[in-house]
Amino acid sequence: MNIKLPITLLILGFLLPGAALFAHHSLSAEFVADDARLVTVKGVLSKVDWVNPHIYFYVDVKDASGKSETWAFENFPPSWWRRYGLSRDLLKIGEQITVEAYPARDGTKTLAWAKIIHFADGRTVATMMGDPKDVR
Amino acid sequence: MFGEHKSLALILIPLGLSCLGGITANAQFRGAPSQAEIAKAKAAPTPRAKDGHPDLTGYWGGPEARGEVKVSTDGKTIELQIATPKGILKQQAESGNTEGRARRAATEPEYKPELLGKIKTLHDNATDEDPTYRCMPEGLPRIGPPTEIFQSPDAVALIYANHNLARIIPTDGRAHDKAADPSYFGDAVGRWEGDTLVVDVNRFNDQTWLSAEQGYFHTEALHVIERFTREGNTLRYEVTVEDPNVLTKPWVLNPRTLTMGKAGQHVIEDPPCKEMDQSHLVDKYHKAP
């Protein structure tokens, strides 16, 4: 039987009022902001840095051999999340998540910008819409 | 820049209007209040302190909810549907993170011609040059109006949601402290002109920009005059900026009208600023790609 799970999709980061916190640096100076280069990473959320100017969350990822490495994902500041009624509690330590992310431009393999976060229960948070390279 | 979300929003909203898939969820967002909302808030009685001055006390961060964003998804394709009245939709599209930009664009400071090259260089290299990129304070007028105000007979406290900042403005008739060290938010004194609180600020350091990402630097001669006028449950915030060393004339910012937030609402702690990105930046100043 094909059970269709409800999907909650929350959008951050594209309609928010101007905030000084937002203006930090160029996305493309740190990440390859190109949908063709999105990486998909699945693992267990291990830590959250709820700080300005960007939050970071960390995901422990196991490779085929069982070896674990920790990825760091960057995203918009806490005030952005709050404005959508999303609190840090959304990111639960120990929960399995899948992140679609822009890789770090400097080649750091385990650093990326979280564009879309998929939670195990079917919820999805899209923090950005569209492909930034198309809107430059 | 992250600022290109303006384009992002403008591109995506028309997409959303032709939304096909099932609506699965919504999110609320915040924007500038409509003219009708402002008129209604203005019509409320203006509370006064015992000394007869308008009481500016309140949370001036409202309103928060501006409608709904309904979202549908079709495999990898994400589309939007904005289920708000058209006026709000347009307003949101024009605001987004660009609300501040639009406001600034309405009036821009006029710099001495010989300084325009420096401003462009600073702007082009904002990743390195903008002090806030390294978690330094915004200063005035960049930080904008306070989010919350407490008023007493001899001082007014301006509380900002950003960076847990409070500015205490004496209103007891004192003069500026000529010995004050130059600082990010300067030496401020307040006085009442009719029903308007006028805050005069000098003794700034030169370590801030006047606005975000434009390279609008200033010198220690910066002089900022802020005016707060309460009408009902609205607060009009006006700013004039002077710096004869760099500006050809005073810069009068586009006024803003704030509205009162929900009863009982207060500024909450802002997480600290912890810069972790600089070591990963790749541009002409940083690592080669």
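Does B:C273 count as buried, exposed or partly exposed?

1. B:C273 is partly exposed, at 30% relative accessibility. Buried stands for under 20% relative accessible area and exposed for over 50%, with partly exposed in between (1.4 Å probe, protein chains only).

2. The model is predicted: local features need pLDDT of at least 70, side-chain atom pairs count only at pLDDT 80 or more, and totals for chains, interfaces and linings use all residues. Residues are numbered from 1 along each chain as its sequence is written, chains are lettered from A and ligands numbered from 1 in the order in which they are written, and side-chain values use heavy atoms, without hydrogens and water.

3. B:C273 forms a disulfide with B:C135, with 2.1 Å between the sulfur atoms; the criterion is a pair of cysteine sulfur atoms within 2.5 Å. The count over all chains is one. The bond joins distant parts of the chain, 138 residues apart: B:C135 lies in the loop between α6 and β5 of chain B, and B:C273 in the segment after β13 (256-259) of chain B. Helices (H or I, at least four residues) and strands (E, at least two) are DSSP runs, numbered from the N terminus.

4. The S-S torsion of B:C135 and B:C273 is about -70 degrees, so the disulfide is left-handed. B:C135 is partly exposed, at 25% relative accessibility.

5. B:Y133 is also placed in the loop between α6 (126-129) and β5 (148-152) of chain B. B:Y133 is buried, with a relative accessible area of 0%. From B:Y133 to B:P146 the C-alpha to C-alpha distance is 21 Å, at a sequence separation of 13 residues.
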